[in-house]
Amino acid sequence: MTLTVETAPGQKLYRAVVDALRREIETGRFAETQLLPAERVLCELLEVSRTTLRKAIADLIAEGVLFHRHGAGTFIHRATPRVEQPSSRLTSFTEDMRLRGLVASSRELERGVFLPTPEEAMMLGVRPNDRVFRLGRLRLADGSPMAIERAAVPIRFLPEQDKVGDSLYEALSAGGFKPTRGLQRLRATLLDPADAKLLGVAPDSPALYIQRIAYLADGACVEFTKSWYRADAYDFVSELTLSPPARKAQR
Ligand code: 16G
């Protein structure tokens, strides 16, 4: 596969390469990653020399289309949807994106029934030999990677695991096990190289690490999920109100 580089009369070849690369980036080529392909690959694709390619890349960096991270490579500045997430509502990723007019999708990283890890057993309150359904997913909004989620659910709440489709919460609700309350904690972290690659950002990029435990109305623990949200794509918003006694004292 090659990319057509058309030089206008009097136009320098490297400027035509700038136009070709910009056009490809805008129309979604390289969309699944933020990392620009290696020089060798691009030279073959564009049928130009390394010197020409480097000049073109330097211009695209100066224009802000690309940026360079030392030791990691050249990256595309992509307009990722930025999402404001109220931190006090128990919603699912699918609902959150739908409410914002974005289309949620997922790429599955892991799915199966396993014995719980000691952490899962403690968090979910299950016995070490009870089984849990584990679902690891890369979550996308309008095709842009937003988060990695690794969920564990005791299998008694999901007897038919193959019926779990796009939304875990929809599958739980369909079986009569809708999560009604949750506890969540979040902290800042840096992404390891594998997770950074999945999210299409440079290694060591910042992320929000979130642990959620969700409960059923009867208090049973239905979900323990660890998530890594791209720090450049998410704002968590909290509503702050006075506590009831303080409100009374104000009157
Ligand atoms: C949210 C939850 C996650 C839950 C998922 C279900 C956070 C931090 N996490 O992303 O715990 O498993 O929604 O989404 O909000 P789904 O129903 O679309 O699969």
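Author: Of the 17 residues around the ligand, those that come nearest are Thr94, Glu149, Ser167, Arg212 and Glu223, where a residue counts as near if one of its heavy atoms lies within 4 Å of the molecule. This is a predicted model, in which local features need pLDDT of at least 70 and side-chain atom pairs count only at pLDDT 80 or more, while totals for chains, interfaces and linings use all residues. Residues are numbered from 1 along each chain as its sequence is written, and side-chain values use heavy atoms, with hydrogens and water left out.

Polar contacts here are pairs of N or O atoms within 3.5 Å. A polar side-chain atom of Glu149 lies 2.3 Å from an oxygen atom of the ligand, an N or O atom in the side chain of Arg212 is 2.7 Å from a ligand oxygen, and a polar backbone atom of Phe93 is 3.0 Å from an oxygen atom of the ligand. The protein covers 99% of the 450 Å² of accessible area that the ligand has on its own, as computed by the Shrake-Rupley method with a 1.4 Å probe.

The shell around the ligand divides into five nonpolar, six polar and six charged residues, with Asp, Glu, Lys and Arg counted as charged, Ala, Val, Leu, Ile, Met, Phe, Trp, Tyr, Cys and Pro as nonpolar, and the others, Gly among them, as polar. Strand 9 gives the largest share of this shell, three residues, and the elements that each supply at least two include helix 4 (93-99) and strand 8 (206-215); helices (H or I, at least four residues) and strands (E, at least two) are DSSP runs, numbered from the N terminus.

How values were computed
A polar contact is a pair of N or O atoms within 3.5 Å; within protein, one must be able to donate a hydrogen and the other to accept it, and residues adjacent in sequence count only if both atoms are side-chain atoms.
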